[in-house]
Every structure is written in C-alpha cells, then in structure tokens.
Amino acid sequence: MATGILYIMTTAVPDLIKIGITQEKQYPERMRYLEMNGYYNVVGLKRVFAIKVSDYQEKERLLQDIFSKQRLGQSELFALDSELVTRLLTAFEGEIIYPQVKDREKEFTALAKTNEQNNRFNFYAKGLKNGDKVTFIKDKNEKAKVVGEREVEYKGHIWKLSPLVRHLFENRSEANKSGAYQGAAYFEYNGTKLKDLPDKF
C-alpha cells in the first residue's frame with residue numbers, strides 16, 4: 001500500500017480550497033511552491049491540514065467523488081469550508097503532519113465542537129440585521145457588515161465568521177494552531193462579543 005500525504009490549503013478566494021496529495025519527501029517543497037506560485041490561476045494558498053495515510057491516491061479519489069459537485073472542473077479546487085474537510089481527514093487512520101498536534105482525539109473533538117457552535121450562531125436570532133457592523137476584537141479597525149443569517153461582508157467578499165477569523169489571524173502570533181475558531185467569540189457588536197449576545201427569539 002503506497003503511503004503519501006493528503007493536504008488541504010485555503011486560497012485567496014473565500015471558501016475555495018485545494019485538496020491534493022504528494023509524496024512525503026516532496027511535501028515541504030510542494031507546500032512552498034504552492035504558497036509562492038498559487039494553483040490554477042488562484043493565489044494566496046496557505047496550508048491548513050495534512051495527514052500521512054496509506055493508499056493516499058485512493059483516498060484522494062474518494063474525496064473527489066464525495067465532493068464532485070463542489071469541484072471546479074477537473075482541478076483540485078473545491079467550493080468547500082476547510083473545517084468540514086479537515087474533520088473528515090482527521091477521521092482517517094494516519095499521522096497528522098500539519099498542524100503538529102499531540103492529541104488526535106482532542107483535536108477532532110475541538111473541531112467538531114467549533115463547527116457545531118458556528119452552525120448554531122445566527123445574526124438575526126441575536127437581533128442584528130443586514131447592514132449592522134461587527135468588530136474584530138483583536139483589531140478594532142477590522143469591521144464586517146452583516147449580510148445574512150450567518151454571513152458578513154468584509155472587503156468586498158462574503159464570509160462566514162469562522163473562515164474570516166482564521167483569515168484575520170493568519171499573520172498573528174496568537175493564531176490557533178488547530179485552525180479552528182468559534183467565529184462569534186472573536187467579533188463584537190456594541191462592545192459585546194457576539195457569542196454573549198442574548199437571543200431575541
């Protein structure tokens with residue numbers, strides 16, 4: 001059984017990710033190349049998750065079949081939330097290469113909990129409406145505009161809170177190594193964290 005690495009990378013386009021494979025010895029150079037040069041005319045690639053597994057080519061084909069409707073042509077780009085795919089890959093038997101984690105079960109549980117919390121959050125249930133501005137707690141100059149039940153507009157792009165928080169943390173030293181964020185814990189409205197706002201209905 002051939003062993004290799006399955007990896008996920010985010011791109012400059014919100015909720016557009018690359019799912020790929022590479023041999024273990026080629027992994028560091030492959031990541032550097034993609035981060036510097038992009039892929040399929042898409043730039044801003046950043047590694048999110050990588051795992052060493054057996055039958056890696058077969059597992060890649062399985063992922064391509066599962067997410068065929070989200071795939072862009074015959075490329076390795078998919079219109080997916082990276083957290084969803086990370087959770088799926090974490091369930092594979094193998095060695096997590098990136099990010100480096102010591103407790104596999106703890107990592108999987110943290111990702112599952114974060115995803116559940118993000119799915120529950122609803123701007124409208126908290127009394128916010130389209131056009132309301134929310135502020136990133138780590139930088140008060142970073143604001144986003146509510147445009148849906150779970151979506152905001154930031155610099156001309158539509159985001160869900162969790163991917164936006166991950167994007168804003170990319171160059172910060174205090175970034176979460178797991179890449180999992182409860183979006184509502186990192187934005188506030190009128191001085192109150194979104195997660196702490198009471199439900200209006």
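This note sets out selected local features of a predicted model.

1. In this predicted model, local features need pLDDT of at least 70 and side-chain atom pairs count only at pLDDT 80 or more, while totals for chains, interfaces and linings use all residues. Residues are numbered from 1 along each chain as its sequence is written, and side-chain values use heavy atoms, with hydrogens and water left out.

2. A search of the whole structure finds five aromatic pairs (rings of Phe, Tyr and Trp, the last by its six-membered ring, with centres within 6.5 Å; planes under 30 degrees apart are stacked, over 60 edge-to-face, the rest tilted). Among them, phenylalanine 121 and phenylalanine 123 have ring centres 5.0 Å apart and planes at 85°, so the pair is edge-to-face. Phenylalanine 121 and phenylalanine 123 are buried (under 20% relative accessible area, with exposed over 50% and partly exposed in between; 1.4 Å probe, protein chains only).

3. Phenylalanine 136 and phenylalanine 169 also form an edge-to-face pair, at 5.7 Å centre to centre and 85° between the planes. This pair links distant parts of the chain, 33 residues apart: phenylalanine 136 is in strand 6 (residues 133–136) and phenylalanine 169 in helix 5 (residues 161–169). Helices (H or I, at least four residues) and strands (E, at least two) are DSSP runs, numbered from the N terminus.

4. Strand 8 (residues 151–154) and strand 9 (residues 157–160) run antiparallel and are joined by four bridges; strands pair if DSSP finds at least two bridges between them. Tyrosine 154 has histidine 157 of strand 9 as its bridge partner.
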